[in-house]
Amino acid sequence: MIQEINTGKMIDVVINGEKVSIYEGTTILDAARKVNVKIPTLCKHPDLDATASCGICVVKVKNNRKLLRACCTKAEPGMEITTHDGELFEVRKNVLDLILATHPNECLTCLRNRNCELQTLAEEFGIRQQPYKAMVKELPKDVSTKAVTLDPRKCIGCGRCVDVCQNIQKVHALEFLDRGFDTRMAPAGDIVLKESPCIKCGQCSAHCPVGALVEFDEVSNVWEALRNPELHCVAQIAPAVRVAFGEGFGMEPGELVTGKMYALLRKLGFKAAFDTNFAADLTIMEEGSEFVKKLTTEPKSLPLITSCCPAWVDFLEKYYPDLIEHFSTCKSPHEMLGALAKTYYAQKIGVDPSKVFVVSIMPCTAKKYEVQRSEDMKSSGYQDVDISLTTREFVRMTKSSGIDFKSLKPENVDSMLGTYTGAGTIFGATGGVMEAAIRTAYFLVTGKNLGTLDVEAVRGLKGIKTGVVDVQGTKVRVAVAHGTGNVRTLMDELREAKAQGKPMPYDFIEVMACEGGCIAGGGQPYMVSNELRRQRTAGIYKDDKECAIRVSHENPDIKRLYDEFLEKPLSHKSHKLLHTHYVSRPLYYK
Amino acid sequence: MAKMAKGDLEKFRKNYKKSGNGEIMISMGTCGIAAGALDVYKEMEETLKANGINNITLGKTGCLGMCFCEPNLSVKVEGMPEIFYGNVDKTMAHSIITEHVMKKHILKSNVIFMPSKDTGRNIFKAAEAK
Amino acid sequence: MDKKYFFVWEPEKLKQNQMYNAFSKVINEKNLQEKAEVIKSLFLGLTADTPVVKIMPEGNIYKGFAESDVETIIDNALNGKTSKFTCECGNKNSKVPEADPQSKQFKIVLRNAGYINPESIEDYIMRGGYSAVEKAVFSMTPDSLIAEVKASGLRGRGGAGFPTGLKWELTRREKDPVKYVICNADEGDPGAYMDRSIMEGDPHNLIEGMILGGYAIGSSQGFIYIRAEYPLAIERLEKALTAAREKGLLGKNILGSDFSFDIELRWGAGAFVCGEETALIASVEGKRGNPRPRPPFPSVSGLWNKPTFINNVETWANIPVIVEKGGAWFATIGTEKSKGTKVFAVTGKVKNPGLVEVPMGTTIREIVFDICGGINNGKKYKAVQTGGPSGGVIPEKFLDMQVDYETLQSIGSIMGSGGLIVMDEDDCMVDVNKFYLQFSVDESCGKCAPCRIGGKQILEILEKITKGNGEEKDVEKIKSIAMAMQKASLCALGQTTPNPVMSSLMYFEDEYMQHIKGKKCSTGKCKDLVSYTIISDKCIGCGLCAQRCPVTCISGEKRKPYLIDQSKCIKCGECYAVCKFNAVSRG
């Protein structure tokens with residue numbers, strides 16, 4: 001995970017006596033990684049700029065009076081760097097001792113136990129006692145969002161969450177309050193997260209080195225449901241989960257574990273293993289039709305903006321309520337599947353829908369919020385999805401089950417709500433929804449499939465991607481943004497055009513709140529970086545490539561669903577079960 | 001007020017004349033004000049008015065750095081050396097006008113002299129001389 | 001002015017009015033009342049053990065004369081002659097002719113403060129103000145201006161002492177067409193008020209300095225980051241800015257030239273750390289005032305990522321003089337590596353606290369004893385603290401050391417911004433350091449772990465020591481934490497927070513040990529380590545202590561030894577202070 005950016009010019013530095021060639025502009029920390037020297041750090045995350053707050057990564061540079069922070073000091077030609085010696089060890093250990101003095105000794109009951117950067121460092125430094133007086137701040141836990149849990153007592157003040165919330169996501173829900181020793185991370189104004197602009201994207205929790213920001217843990221509730229003989233539990237897995245879940249068991253990022261996961265679900269006691277990818281195909285049918293309808297009958301109402309991402313929905317409702325009219329009314333795939341599980345599926349297998357318990361395994365913390373977002377999420381008459389677990393929770397749940405995940409034999413999905421196409425699976429990566437939609441919209445307009453199904457223009461990690469698709473002479477201008485920081489730029493462009501009475505710059509826009517899309521969602525395994533995003537994305541596109549069918553409109557079980565139950569896209573029934581409404585929400589509730 | 005151009009500063013200095021034939025400058029930084037310089041200022045203003053003296057300028061200045069004897073002020077009256085008084089209260093402020101200014105009697109207490117009081121004037125000798 | 005005025009001062013230790021009476025006698029006997037007057041006066045600026053007389057209007061100072069010489073002195077003065085008692089008490093370090101041979105002080109920065117009406121731009125111009133701007137804009141290139149500042153040897157007065165000219169050059173060198181000039185007026189050291197006095201007393205001086213800085217680096221916009229707690233300074237600066245704009249000395253086309261420069265005020269919300277330049281920049285930008293790592297230095301990427309030049313008020317106030325009188329002139333003042341003068345705010349247990357401006361290289365003894373009159377109430381000197389909560393103590397053995405950046409650093413203190421706090425024998429070093437540390441702990445921005453936690457931990461240990469629970473290993477713990485803080489903190493605040501403790505440990509370790517091992521505080525400042533008892537042999541039973549005791553815990557019968565009820569005693573020390581018979585013991 002070397003964040004070495006090609007700046008063109010190579011320079012040489014000496015690290016612990018060894019010469020290293022690196023690109024100009026590389027930090028000492030990354031230069032050291034290149035020669036496999038690990039400089040310890042608590043605050044530097046490979047995904048974020050250095051906050052330079054922990055003070056553990058200090059190194060010696062020859063002819064420099066002071067120790068320098070490796071995380072934010074750029075290597076300069078000829079620098080002679082010492083990364084490890086007795087003095088540095090003492091300084092680092094002392095700083096670590098100081099940090100540990102403010103951290104509660106609750107490792108055993110902590111959600112991050114054995115997966116915590118502070119704990120790992122304490123172990124590596126051989127911390128056997130606490131020389132300094134324990135000074136743990138007694139501050140209340142914030143579980144108000146039921147998506148992300150904030151436990152300020154465990155915060156070590158690294159600033160990653162604030163950085164990601166303010167500078168990457170540009171949500172500005174988190175801020176540092178107070179000063180000096182009393183400094184703590186909290187929503188600005190010292191309110192609870194639920195009353196703040198928080199969009200529940202969970203990027204804070206994905207970047208937190210300790211247990212200060214974690215997903216709202218609901219594993220025990222799922223166990224309880226599974227053990228309740230009254231309930232008929234079913235589960236679905238999101239597109240992005242299948243390329244990251246394996247990481248929890250030492251597998252390579254991007255390794256596809258779909259079949260193993262179906263097997264796992266059944267072993268855990270779920271009566272059916274469904275796949276959110278199926279619902280993604282369904283989404284394309286609905287959303288694609290919605291788009292084609294607008295394109296052909298009322299092009300003035302374009303652009304159409306995708307709505308699969310609940311953090312994005314929240315962001316829009318809070319920051320851009322004036323653009324609600326452009327929002328696709330489609331629910332997100334897992335909500336669609338939940339609604340169908342308690343109607344179509346329940347009917348088919350003859351189970352009382354009130355006894356059907358839907359669990360979704362998602363890469364996302366915002367899905368936890370989404371399941372209770374509005375009355376529309378009870379379209380089946382019951383809460384459509386009962387519990388949404390993040391990938392990380394599901395890893396822990398699996399570990400507690402005694403099942404050896406790696407050795408499981410792949411199984412098939414329960415096809416009623418499970419068969420998926422390549423178009424459904426790419427929902428997991430940025431650009432995927434757009435690509436899937438283009439594949440189907442093209443067909444809906446022209447009656448034929450695109451020559452090449454790969455739409456390269458919308459793939460990749462560039463913050464905002466734009467392109468033009470020629471649909472039988474009609475130029476469809478598309479844009480894809482991921483990471484709400486980038487989304488802001490795009491939405492401001494729309495707002496600006498609107499304000500000036502200019503034509504809209506795009507016809508169809510895909511938005512995902514997390515950078516890289518769901519594969520790097522707020523509920524995915526830790527230490528995400530662009531390298532990791534690429535690996536997981538590669539897994540997603542591999543899945544797409546290996547699918548026999550790669551367009552949603554050819555999914556046989558989708559066809560069957562329409563024939564037997566929904567009639568046609570945008571039908572009355574579809575609207576009732578698969579679509580939703582949006583409202584303007586205040587940024588602050590107090 | 002007209003904007004100045006090149007050379008105007010010099011002309012200004014040549015033509016500028018302070019009115020009156022005496023000046024009282026009270027140190028009125030935050031420190032002086034906190035120590036009561038505002039009361040001293042008001043008392044002097046009233047005393048000057050009550051006695052019909054209008055050729056003495058009563059001015060504010062910044063902190064002279066003599067914290068231990070605030071409020072303090074300097075009195076410059078024609079024909080007498082500049083006298084610096086420290087720890088001035090309202091009664092003293094009154095006497096400074098009635099005795100020092102009006103009768104040219106230096107008060108017998110609270111006179112302070114500090115060599116550098118005059119030093120500060122000398123850095124731009126050239127400008128000052130005109 | 002024919003009349004001669006004799007200002008007489010007599011040291012406290014001597015019989016008062018002896019010389020005053022002698023002068024009066026001669027004047028009266030010779031009937032010189034019309035020609036001479038004698039005035040009792042307080043003399044400032046040098047400590048003398050013999051009487052001093054200053055004769056006005058000549059301004060001669062005589063010292064070391066006897067009562068029998070008075071007549072001659074008066075005669076000579078009236079005849080326009082000098083007497084042989086002339087006192088040369090000036091500062092050897094101010095090698096310029098303008099320096100007053102009779103004063104240790106030399107005022108460059110404070111040249112106008114206290115002399116002019118700060119709200120009158122006319123007063124400032126009359127004292128040569130804005131001529132430096134005229135000179136620079138019409139007859140100097142930015143490079144020659146920078147060369148002049150470099151030649152002056154001026155170093156940043158904010159504490160670290162970085163060469164100002166070099167900083168200007170680095171900022172000028174940056175290619176970006178937009179650059180900013182900032183004045184750091186976020187003066188926050190406890191006991192320091194140099195900058196406030198400059199801004200309140202001579203705001204145009206600062207403005208002129210900044211205009212020159214803007215011209216030198218090629219900037220058209222300056223900001224003054226000033227504490228909101230300085231309302232008077234803000235008011236006077238605003239007035240001064242308006243006046244300067246009206247006169248065409250600030251704003252578009254200064255003095256009709258093609259150089260434009262304007263200044264805006266930005267109020268600080270009172271965070272000490274915002275004196276750190278990167279935190280200050282964040283605050284000006286409207287963000288939380290947290291420091292960020294350097295490099296990049298603000299000279300490369302500062303305010304809104306533009307090259308930015310930051311200096312503190314005192315540094316800026318030197319610039320007009322340097323431009324007007326030349327860098328070479330300026331460089332004659334001071335020591336080899338530290339040029340010019342330094343303003344100190346002298347506070348604490350000193351007789352005449354106040355603001356002093358002395359040439360670099362003046363000794364602590366000259367400042368504390370000569371200029372400020374020595375220690376109050378005849379107590380013994382213990383130490384001075386320079387650099388406030390980031391500095392250290394200077395014990396008695398260094399009293400004659402010349403003050404400049406390097407020497408202060410070599411003995412474990414720093415120049416700092418100019419706070420100079422005098423401590424006497426009654427000050428407890430552990431207690432004093434608790435104060436400084438509490439300050440730094442409160443003012444830490446909380447961003448980086450060593451500073452945020454380390455300071456608090458040391459403070460906790462000091463608390464423990466002053467409560468009588470100290471252990472010998474605590475000193476070691478302090479040293480380890482201090483090491484981590486000094487080496488691993490991000491900004492100067494954290495790196496210097498342990499300085500006062502470390503420096504006092506260097507010179508006053510026995511005092512710490514007295515607290516830790518002996519569980520005693522000899523100064524009585526640490527209330528938990530002190531108890532007051534009445535020595536029955538010495539007590540005559542006057543009852544004064546009982547009268548003065550605020551909690552009435554002293555009781556007894558008249559003319560019999562009194563007794564202190566230890567359970568009620570609040571250890572205020574009043575009984576100890578009032579007893580005339582040394583019958584109260586502290587220990």
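**Entry 1: chain B.** I began with chain B, which read along the sequence follows the pattern α-β-α-α-β-β-β-α-β-α-α, that is, 6 helices and 5 strands. Helices here are DSSP runs of H or I with at least four residues, strands are runs of E with at least two, and both are numbered from the N terminus. This is a predicted model, in which local features need pLDDT of at least 70 and side-chain atom pairs count only at pLDDT 80 or more, while totals for chains, interfaces and linings use all residues. Residues are numbered from 1 along each chain as its sequence is written, and chains are lettered from A and ligands numbered from 1 in the order in which they are written.

Among the contacts in chain B with a separation of 6 or more, residues 24 or more positions apart account for 67%; two residues are in contact if their C-beta atoms, placed from the backbone, lie within 7 Å.

**Entry 2: the chain interfaces.** I then looked up where chain C meets chain B, and found 61 residues of chain C in contact with 43 residues of chain B. On the chain C side, strand S2 (residues 36-43) gives the largest share, 6 residues, and by class that side has 27 nonpolar, 17 polar and 17 charged residues. For these classes, Ala, Val, Leu, Ile, Met, Phe, Trp, Tyr, Cys and Pro count as nonpolar, Asp, Glu, Lys and Arg as charged, and the others, Gly among them, as polar.

Between chain A and chain C, 28 residues of chain A are in contact with 29 residues of chain C. The largest share of the chain A side, 6 residues, comes from helix H2 (residues 86-101) of chain A, and this side divides into 16 nonpolar, 8 polar and 4 charged residues.

**Entry 3: a sheet in chain A.** I traced an open sheet of 4 strands in chain A, in the order S11-S10-S13-S14 with parallel pairing, where two strands pair if DSSP finds at least two bridges between them. Strand S11 (272-275) and strand S14 (387-390) of chain A each have a single partner strand, so one side of each is left without a neighbour in the sheet. The twist averages 25° from one strand to the next.

Helix H10 (residues 333-349) of chain A packs on this sheet, touching S10, S11 and strand S13 (356-362) of chain A, and its direction makes about 155° with that of S13(A). Helix H12 (residues 391-401) of chain A also packs on the sheet, touching S13 and S14 of chain A, at about 85° to the direction of S14(A). Axes are lines fitted to C-alpha atoms, for helices over the stretch in contact, and angles run from 0 to 180 degrees between N-to-C directions.

Within the sheet, strand S10 (residues 232-237) of chain A pairs with S11(A) in the parallel sense over 4 bridges, and Ala235(A) has Ala273(A) as its bridge partner in S11(A).

**Entry 4: a hairpin in chain A.** Further along, strand S15 (residues 464-471) and strand S16 (residues 474-482) of chain A pair in the antiparallel sense over 8 bridges, with Val471(A) opposite Thr474(A). The hairpin has 2 residues between the strands, and Gln472(A) there takes a positive phi near 45°. S16(A) is also joined by 5 bridges to strand S17 (residues 508-512) of chain A, running parallel.

**Entry 5: chain C.** Which residues does Tyr405(C) touch, not counting residues up to four places away in sequence? I found Arg155(C), Gly161(C), Lys337(C), Ser338(C) and Met415(C). Tyr405(C) lies in helix H14 (residues 405-410) of chain C and is buried, with 20 other C-beta atoms within 10 Å.

Last, I looked at helix H8 (residues 203-217) and helix H11 (residues 313-325) of chain C, whose axes come within 7 Å and cross at roughly 75°. By class, the contact of H8(C) with H11(C) has 9 nonpolar, 3 polar and 1 charged residues.

How values were computed:
A residue is buried if 20 or more other C-beta atoms lie within 10 Å of its own, exposed if 12 or fewer, and partly exposed in between; C-beta atoms are placed from the backbone.
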